[in-house]
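Subject: Structure for you to look over

Dear colleague,

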Amino acid sequence: MTPLRTRALDALRAAARRPNPIWLREVTQSVRAGRTPVAQMLVTAMLTLVMCSMGGMASLFRTPASVGRTLYQAFFSMAFFVVALASPAIAANSVVSEHEGRTWEALLLTGMRPAEIARGKLLAAATTVGGYLAMIAPVGALPFLFGGVAVTEVVVGFVYLGAFAAVGVTFGLAVGSRSPRAATAIGISLIVSFGTALFAFGVFGFGLSYAAHEAWPTVAAGHPVWLPTAYVRAPFGVAYAVYLLVVPALCALLPLWFFYELAVAAMTGPNDDRATGLKRWLLVASPVAAIGASLLVLVGAGASRFDASMAALVAYAVVSMLLVLVFVGDALGPSRRVEWLWSRAGAGAVARWLGPGLPRTMTLVLVTGLLGIALVAGTGVVAALALGSSPAADVARLVAVADVSASFFLFLVGLATWARARAAAASGARIVVVVGFAAGTFGPWVAAMIGGVLRSSESLLVIASPSPLFVVKAFDALAAGRVDAAVIASLACALGWATAGVALFAVGVRRTGQIVAAHHDALARADAQLAAEDAAAEGAGA
Amino acid sequence: MSVTPAIRVRHLWHRFGQRDVLVDVSFDVAPGQIYGFIGPNGAGKTTTIRVMATLLEPTAGRVEIEGHDVSIDPEAVRRLVGYMPDHAGVYERVTVREYLTFFAGAFGVAASRVVPTVVELTELGEMQHRLVAELSKGMRQRLQLARVLLHDPKVLVLDEPASDLDPRARIELRDLLLELRSLGKTIFLSSHILTELADICTSVAILERGRLVVAGPIDEIAQRLGASPHASALDASGEPGLVTAGGVSVPASAVRRLRVRVLGPLERAAAALAGGPGIVSVEARDEWLHVSYQGDDQLVAAVVRQLVAHGVDVVGCEPERRELERIFLEMTQGDRP
């Protein structure tokens, strides 16, 4: 049996032997409050009413099977929004209520680790959301009774609701652990989850249903709840495995793990190790996401392959840039406590490398990001060369986008390292990064517009070339195999961003090293003073 | 070999923004003591306590609990300390027993073993099936104390434990703390109410505007301070002093005070002691005999023997606690510039 499996089994046995006390207490409180069951009944009653009304009206004009399919779409669409909105809010409130109720410190002082607290909160919120799902389950089975819907579709639909709930709950936990007040936490989680749910429903629901219909004609186009249907109706093959198994699993697991680590880091004290969990996630998630994106590119069909390559590349680069904002919050170096714990545990080089410390963290962000961009772009290039209709043009455009993305990403990492080394707090560095991103991406276009060049002369648009978005202007020339001013300007600016990034990174790392060394010197001096006092006191006592 | 202090605070500094909240605070608390931490509101008491409880990182300096540095090994410190904050929150929709069972689980101790013990110690037995929301402030405070006792900590750190309590609840809390001390706990408690501390503390530290004004056993501080309300003469060194019944001038720093509760006429008891060896003055007021004396605990025993020999029934005897008020007033400046 592998050590990992042994550890997992041990953890499961321990969890069964000693259930998380926070989970048990929250469930007890929730049941006693009476508010939760009432809310669950209200949601169920409303869904039932809507479903019955729709079913009643539709059955006047349509066949039962058609009514069943309509009700199925309606039910799971509504349930998706209920879960997407309720899960984060419930989890966020669960964490913030500890702060507002002034019970958080009592909890911390019990010696429970932040991860254990986070798991208790997760389980509690998941139990509440699970209660909602259990209550609405009979309503969800109604479409099956009308026909036109397989039982597997209903079951898979609920599995997906559970997955959305799990991601929503961990997101809410991450928001709640960083918010001082319940109103703020619930407000942020509702706004973000509503926007995300709307986007996901429109793009991944309605939008992708057409692509799914193209790939598998038995899946209806324009039906937002197409995934469960695809499981039943699509023929099993490589595309099935990638689109319906690998990618959905990654889309659920990677954010879930990320939000969990984010929440645990936020619950952990500033002098403790907040970095290892998040860095471990990055180390796994970055290549896995790149491989997943590459698989999408390889499995894509015909002309859509280039679009998929470009979308995967841009999405990967943007997410990497957003992650800079997360990881710039790391401590400049390991605290004395962390070093003491490492020494006590006999931590090896890898454990120390994954621990707190800005230079190592930003190096990891940089390396994983660049490798990921290279992998996704490389896969796109290979796919274009092997299967593309116009390989040279596609390759040129992909390489240009990868080059510009990687350069700007490198600049942002350098800027973040430099800013964090100079700022007293991570928030200051984050502001600098956001301003740097906005100024670099949109500033040149604004400058171009202010100059009125957008109207007067196309060639003067080169003013906007520092923006990574400018690479789009070079597409036509690249596709035609020409090297014009736009191409040269775009690539020159990319080189400029990369050079600036390397320089800023080097300065930031050097300054961080100086600060950490000065801190160690101060601690050593304080230790020496205290030791001298002890010696003097002992001498006086003798 | 010297005994390791239960709490050791050394050159503690803490800064919020540009303001120094604690400035070079140092003191030791010996094991088994009830140690009072006195200071006006905003003096830095809670900040010091939160550093001790591992909830706040010191800007500089070191705090050790039973030899463990709070900054380096907070996990060990959390196992040793029971911290009860001022105005702590509670989970209201659970019963007292569920509340304690939850925290026992969180501490990782067997609830079936510790909860009944703690319930008995804190006399929460009759309340254990009531919802926490239904408890009075005094009972909630008692519940908080029960919570911090669940993991059997060696050191109790209590921040304003009697604030908002009615007189009965205060007396009950005081008795409970004395009982906990008898169980070997070191108790560190803060307050700005001197009478609250005077009855139970053996040592104090006074903090004002983030600086430690004085720290140590109350008697020693009183002796160091010297001047007393009863001072009426100057000794050879010019130090304010007292004159005994025999006309001997005694430096005030050498004078200690105790009060004795007796049955029967106070005047008769006062007469029995007046002029005795080491006795500086005897005063009968407020149903107590207030005795100023020069000597050690042997003399206190002799005072009791003397009273009994004269047929006086002695009910109790304790150090004069108004010392604390005097110390506080003399050592702190209040709003004076």
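This is a predicted model: local features need pLDDT of at least 70, side-chain atom pairs count only at pLDDT 80 or more; totals for chains, interfaces and linings use all residues.

Residues are numbered from 1 along each chain as its sequence is written, chains are lettered from A and ligands numbered from 1 in the order in which they are written, and side-chain values use heavy atoms, with hydrogens and water left out.

Helices and strands are DSSP runs numbered from the N terminus (H or I of at least four residues for helices, E of at least two for strands). In chain A, helix α3 (residues 35-61) packs against helix α6 (residues 114-140) at an angle of about 30°, their axes being 9 Å apart; axes here are lines fitted to C-alpha atoms over the stretch in contact, and angles run from 0 to 180 degrees between N-to-C directions. α3(A) is therefore roughly parallel to α6(A), given that angles under 35 degrees count as roughly parallel, over 145 as roughly antiparallel, 65 to 115 as roughly perpendicular and the rest as oblique. Among the residues of α3(A) that meet α6(A), with contact meaning heavy atoms within 4.5 Å, are A:Val43, A:Leu47 and A:Met51, and their counterparts in α6(A) include A:Gly131, A:Met135 and A:Val139. The residues of this contact divide into nine nonpolar, six polar and no charged.

α6(A) also packs against helix α11 (residues 238-267) of chain A, at an angle of about 125° and with axes 9 Å apart, so that α6(A) and α11(A) are oblique to each other. On the α6(A) side the contact includes A:Pro114, A:Arg119 and A:Leu122, while α11(A) supplies A:Tyr260, A:Val264 and A:Met267.

Elsewhere in chain A, A:Ser490 lies in helix α21 (residues 485-541). A:Ser490 has a relative accessible area of 4% and is therefore buried (under 20%, with exposed over 50% and partly exposed in between, using a 1.4 Å probe and protein chains only). Leaving aside residues up to four places away in sequence, A:Ser490 touches A:Val404, A:Ser465, A:Phe470 and A:Val471.

Chain B contains 11 helices and 17 strands, and buried residues make up 52% of its 337 residues. Of the contacts in chain B with a separation of 6 or more, 65% are between residues 24 or more positions apart.

Note on methods:
Ala, Val, Leu, Ile, Met, Phe, Trp, Tyr, Cys and Pro count as nonpolar, Asp, Glu, Lys and Arg as charged, and the others, Gly among them, as polar.
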